[in-house]
Amino acid sequence: MGITVYTARKILPKILPLGPSRLDEILLLLVVFPLTFIFLWVSHNFYGAKVLILVPAIIAATAFGKAMGTIGAILASGLLFFLDYRLYLHFPPEVFQTDVIVSSVIILLSWLMGGLMEVERRAQKELLQLADYDQLTGLYNHRCLQEKLALSLKEAAEKGQPLTVVLLDIDQFKYYNAVYGYQKGDEILAAIGKLLLEELLSPFYAARYANDEFALVFPGKEKERALKMPTELKEKIAQAATLCLLESHLEPPSKPFALTMGSASFPDDADTALPLIRAAENDLFRAKSSQGKARLYQSILSEICALKIKEAFPTLQTLVALINTKDRYTYGHSERVMSYALALAEKLNLPEEDKDALRYGSYLHDLGKIEIESNLLNKNGPLNDKEWEIMKTHPIWGSELVKPLIFFQKIALILRYHHENYDGSGYPDGLKGKEIPLLARIVRLADSFDAMTTDRPYRKGLTFEQASEELKRHAGVFYDPELVKPFLEAVKEIYQAEKS
């Protein structure tokens, strides 16, 4: 018996596509069926033992459903009649009657049990569908994405392979809902889901990440290779959405259907599910805010992940997410300030340790704004005196937030002093000249230059030449006079590339 079970365990999976649980059920039947009839034969099939044939019949019914349970019960009943025939050589009336009654009961019970199990399995399948899948698109839902991505990352880490997450966001989806109605918007989403299911074959998969956002996961693919498929899919998705409108005899949208894409890869951008998705979100936000312009630099999170203080990466991602959700202006601003500050650091040949601190500090210089009300941060106009006093507290809040982190001690100085003026008129501590840390003086220049050259709701940004004159005019007042000239030389090429 043991040899038979061992042989079946080895051979059956090669013949039939069976899961571990289904294989165990078949092996159980292979053991229980012969044991039952061996016992009946040895016991000369006495009346009380005949109910034992219910055991393999019920196992077949519960494991494989109504049809297989009924077949198993008929087979068991046939063997029961065969045993009695061999034992008695003829059928006494009382034996025959007993066999008929036992067989009828077993067949009926198997049919009922199998039917109940099928109903339960359908209910379980529907519950699983509700728990793991988005009902509109048929894709994995947000919760299931987190679980599957965690498993995919674990597998990628074990195999030493990359993995890329791509977020697709429909541009101005509210416009389609407003013009064509929410029902038509749902049809568009359903069409996109169907297309993604058809195009993304295992091991790749997709999920509905948010209302009009889709997450695509590419195990085994580096970012550059993974982005080829979503780029091709964008055109197919646009065609599917337009076709969805034309099928209802509606005019094509006056605004071209378009999607924005953001991506992040393991292990370059993050090594766990939530930080990786956040990195992709940040890349998506950058793509949206760039409005089609060429990007100047790679994801800040990609750069920082490769630094020596990698232990601080999860904390940094949380801080960046806080900034991005609080102030819409900081998406591009923080990265431009970082780019300008690092350009000056390169020109000054600062040590790598200072460059790393400057990379963090310049990107997080507005961290304290998470303690400021959003309506004040995004006000369409100049601040009044009271509002300005509140705004001036953000360097203190920022430095206090990172001060407890041992990796960020040097960075805390940048956050606190990046609004100090060279003549001592700045805030929050009124430091003067060389009292202000060098890295804070660099960020002061980069921050002011970007603020001058960026359009705001209440004013137009200055040209490079106009901003240069402003910096030179306030050299020795707001800015370190020794840094202004090399700063302008360092950022001129970056600024021109950004505006082109």
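Is Y495 buried or exposed? At 9% relative accessibility, Y495 counts as buried, where buried means under 20% relative accessible area, exposed means over 50% and partly exposed is in between (1.4 Å probe, protein chains only). The model is predicted, so local features need pLDDT of at least 70 and side-chain atom pairs count only at pLDDT 80 or more, while totals for chains, interfaces and linings use all residues. Residues are numbered from 1 along each chain as its sequence is written, and side-chain values use heavy atoms, with hydrogens and water left out.

Y495 sits in helix α22 (residues 481–499); helices (H or I, at least four residues) and strands (E, at least two) are DSSP runs numbered from the N terminus. Leaving aside residues up to four places away in sequence, Y495 touches Y340, F449, T453, L462, T463 and F464, a contact being heavy atoms within 4.5 Å. S339 is 156 residues from Y495 in sequence, yet their C-alpha atoms are 9.8 Å apart in space.

Turning to the surface, I101, V105, L108, L109, W111 and L112 make up a nonpolar patch with about 550 Å² of accessible area together. Patches are made of residues with over 30% relative accessible area and no salt bridge, like charges being joined within 9 Å and nonpolar side chains (Val, Leu, Ile, Met, Phe, Trp, Tyr) within 5 Å. Areas come from the Shrake-Rupley method with a 1.4 Å probe, and for residues only the protein chains shown count as cover. One member, L109, belongs to helix α5 (residues 93–132) and is partly exposed, at 34% relative accessibility. In helix α3 (residues 54–64), the buried residues are P56, A57, I59, A60, A61 and A63.

Charged pairs come next. The structure holds 20 salt bridges, each a side-chain nitrogen of Lys or Arg within 4 Å of a carboxyl oxygen of Asp or Glu. One of them joins D134 and R208 at 3.3 Å, N to O. D134 lies in the loop between α5 and α6 (142–159) and R208 in strand β2 (residues 205–208), so this pair ties together parts that are 74 residues apart in sequence. Both partners, D134 and R208, are buried. D366 and K369 form another salt bridge, with their closest N and O atoms 3.5 Å apart, and both of these residues are buried too. A further bridge links D429 and R416 at 2.8 Å, N to O. Here D429 lies in the loop between α19 (409–417) and α20 (438–453) and R416 in helix α19, so the pair ties together parts 13 residues apart in sequence. D429 is partly exposed, with a relative accessible area of 35%, whereas R416 is buried at 18%.

Finally, some backbone features deserve a look. The peptide bond joining S202 and P203 is cis, with omega about 10°, and P203 lies in the loop between α8 (182–199) and β2. Another cis peptide bond runs from Y427 to P428, with omega near 15°; P428 is placed in the loop between α19 and α20. N349, a residue other than glycine, has a positive phi near 55°. N349 is found in the loop between α14 (330–347) and α15 (352–363) and, at 67% relative accessibility, counts as exposed.
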